[in-house]
Amino acid sequence: ICLPSARLDKNTGKYISNIVPTLMPGTVVSLPSSLTSYVVTEYGMVNLKAKSTWERAEALVSIAHPECRDELINACKEANIWRRSSKIR
């Protein structure tokens, strides 16, 4: 999967991450997470194959837009999938 890490909100001038911690209810999912191997943004590429939930979260945060990473980390902490041993932060 290749995607831009974020998009710029023209009204607020703030970046909105395209990497999200959860999907909205009713969102159509065409590819389950277990089949997703590589994800690429302008900040790098990660291989998610055979990784645990917290490892997947850490990898995805590492390729998110830098201005969105703290928000993603906080969402992961709230979901109890972020570990103290995580490399980012």
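A surface patch here joins nonpolar side chains within 5 Å of each other, taken from residues with over 30% relative accessible area and no salt bridge. In this predicted model, Ile-1, Leu-31 and Leu-35 make up such a nonpolar patch. Helix H1 has a set of buried residues, and the charged end of Arg-69 sits over the ring of Tyr-43. Two residues that are not glycine, Ala-50 and Asn-80, have a positive phi.

**Nonpolar surface patch**

- Leu-31 belongs to the loop that runs between strand E2 (15-17) and strand E3 (38-41).
- The relative accessible area of Leu-31 is 37%, so this residue counts as partly exposed.
- That 37% also clears the patch requirement of over 30%.

**Helix H1 and its cover**

- Helix H1 spans residues 53-62.
- Its buried residues are Trp-54, Arg-56, Ala-57, Glu-58, Ala-59 and Val-61.
- Strand E4 (44-47) is among the elements that cover these buried residues.
- Helix H2 (69-78) is also part of that cover.
- In general, an α-helix has 3.6 residues a turn, so residues three or four places apart point the same way.

**Rings and charge**

- The charged end of Arg-69 lies 5.8 Å from the centre of the Tyr-43 ring.
- The cut-off for a charge over a ring is 6 Å from the ring centre, and the Arg-69 to Tyr-43 distance is 5.8 Å.
- The count of aromatic pairs is zero.

- Ala-50 has a phi of about 65°.
- The loop between E4 and H1 holds Ala-50.
- Ala-50 counts as exposed because its relative accessibility is 80%.
- Asn-80 has a phi of about 60°.
- Asn-80 is placed in the segment after H2.
- With 69% relative accessibility, Asn-80 is therefore classed as exposed.

- Thr-22 sits in the loop between E2 and E3.
- Its relative accessible area is 61%, so Thr-22 is exposed.
- Thr-22 and Arg-69 are 47 residues apart along the chain.
- Their C-alpha atoms are separated by 15 Å.

Methods. Residues are numbered from 1 along each chain as its sequence is written. This is a predicted model: local features need pLDDT of at least 70, side-chain atom pairs count only at pLDDT 80 or more; totals for chains, interfaces and linings use all residues. Side-chain values use heavy atoms; hydrogens and water are left out. Rings of Phe, Tyr and Trp (its six-membered ring) pair if their centres lie within 6.5 Å; planes under 30 degrees apart count as stacked, over 60 as edge-to-face and the rest as tilted. A charge sits over a ring if NZ of Lys or CZ of Arg is within 6 Å of the ring centre and within 35 degrees of the ring normal. Buried means under 20% relative accessible area, exposed over 50%, partly exposed in between (1.4 Å probe, protein chains only). Helices (H or I, at least four residues) and strands (E, at least two) are DSSP runs, numbered from the N terminus. Contact means heavy atoms within 4.5 Å. Patches are made of residues with over 30% relative accessible area and no salt bridge: like charges are joined within 9 Å, nonpolar side chains (Val, Leu, Ile, Met, Phe, Trp, Tyr) within 5 Å. Accessible areas come from the Shrake-Rupley method with a 1.4 Å probe; for residues, only the protein chains shown count as cover. A salt bridge is a side-chain nitrogen of Lys or Arg within 4 Å of a carboxyl oxygen of Asp or Glu.
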